[in-house]
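I opened the model to look up strand pairing and helix packing. My notes follow.

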Amino acid sequence: MKFKKTHQDGVARAGIIETAHGDIHTPAFIPVGTKATVKGVHPHEVKEIGAQAVLANTYHLFLQPGDDLIKKHGGLHSFMNWNGPIITDSGGFQVFSLGAGFDKSVSKMGEVKETSGRTPAVFDESVLSAHGKLAIIDEEGVSFTSHIDGVLYRFTPERSVEIQHNLGADIFFAFDECTSPDAEYEYQREAMERTHKWAERSLTAHRQNLDSKQAIFGIVQGGRHADLREESSKKLGSMNFDGYGIGGSFSKEDLGIALAAGLKHLPEDKPRHLLGIGEPADMFEGVAQGIDTFDCVAATRLARNGTAYTLDGPIDLRKSPFKEDMNTIEKDLPDSPATPYTRAYLAHLFRAKEMLGGMIVSQHNLYFILRLVDDMRGAIKEGKFEEFRKEFCDRYYA
RNA sequence: GCGUCGAUCGGAUAGCGGCUAUUCCAGGAGACUGUAACUCUCCCGCCAUCAGGCAUCGUGGGUUCGAGUCCCUCUCGGCGCA
């Protein structure tokens, strides 16, 4: 993998990530295909809509169908019939969503509230069940029970690298710990330091495999604390990763601060990915601060739940006003895959629980977000990024 | 006509003498950012200063400390026999 920066507009930048399976022109949005499928959208449609790459998940594919099977199949590209670039996430986010975030209403951008919960360093089924969680973290790694069949497994940084080698993505992430936004400062520091150690172990494990042509990205953590973020970026930036991810969760207001501090000491000539962020305003902020790529489930999840992006903000097609709305989702995006359909038809599909509704809107939402980031790239090349940002946001958030 | 069974929120249901009448669907309003998510939450008789208050199980009576639950009347409907 190679990265070339081609344009600069303030701190925002445009460039090209070259992989064995093709180029990614950045800034770019990478659709999420957790279980080797972008939910509800055919691979050829994902391509036609304009996706340059997809992002799959180590945890999910390890559990089902198993990384060995995918290796036997010839790797993820062959398995899912996607011949473009593929990125795999390490499973670190699942440590959060199945551990600290389990059975709580904490999400990636959740409200911040203080609690005193600490994560025990012991692990077996009884401890897991006693804590009502599916994952427990210790210094060496994470023990977790499968959400599918309850079997106990263990991930370490080395194991995550091994699995991701079997999956064979062009780019993969080092195993990290994604903390809850409501964890206290001391825990954020502890988790960040653990993530740093895991990053070193991941890097070492990866470089030992001389046959691998895969690129490895390290993940900056530190929660919503600027000092931790800066420390994390300094530490990770000094390691020889091929690129970097900005991970974790933070309240919406803190995203800008976490980005500024988290990107501060990363090398300019390596790509930066902002993990799990896909709201337009947040992506504008990311690009403005020098982020090159994003991935996010929002486009497809919202779509399956009936919400479609429009240039005037999201609309929930299940709501009563759309029952007899004969307009298309977004008349100002005539090339959207959803253009041939009226809001009334889509509203009907959702009410009738027909899967086609979610499929069409998934395509539309992906098209909307992909195009938005493409337009950001175009604006950077013309030196008009901030103008484009203002123009879009003035209408979208009006 | 006789007998019998039944009538509970828009629909379907639970409820067999004891707090606030159950659940599902439909309807309404929200949520969703490295996907345990085609999911989840709340509302769905009336009033409400959001604490609560007042109603209500086809109708009208009755028994009882207490009735959707038991008894009688009527109305409507299903079934059976004439």
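I started with β13 (residues 272-274) and β14 (residues 293-296), which pair in the parallel sense over two bridges. Strands here are DSSP E runs of at least two residues, and helices are H or I runs of at least four, numbered from the N terminus. Two strands count as paired if DSSP finds at least two bridges between them. I looked up His273; its bridge partner in β14 is Thr293.

This is a predicted model: local features need pLDDT of at least 70, side-chain atom pairs count only at pLDDT 80 or more, and totals for chains, interfaces and linings use all residues. Residues are numbered from 1 along each chain as its sequence is written, with chains lettered from A and ligands numbered from 1 in the order in which they are written.

Next I traced the sheet. It is open, has eight strands with parallel pairing, and runs β4-β14-β13-β12-β11-β10-β6-β5. The edge strands are β4 (28-31) and β5 (54-57), each pairing on one side only.

Then I checked two helices. Helix α7 (residues 157-167) packs on helix α8 (residues 185-208) at about 40°, axes 8 Å apart. Axes are lines fitted to C-alpha atoms, for helices over the stretch in contact, and angles run from 0 to 180 degrees between N-to-C directions. That angle makes α7 oblique to α8 (under 35 degrees is roughly parallel, over 145 roughly antiparallel, 65 to 115 roughly perpendicular, the rest oblique). I listed the contact residues (C-beta atoms, placed from the backbone, within 7 Å). From α7 they are Pro157, Glu158, Ser160 and Val161; from α8, Trp198, Arg201, Ser202, Ala205 and His206.

Technical notes
Two residues are in contact if their C-beta atoms, placed from the backbone, lie within 7 Å.
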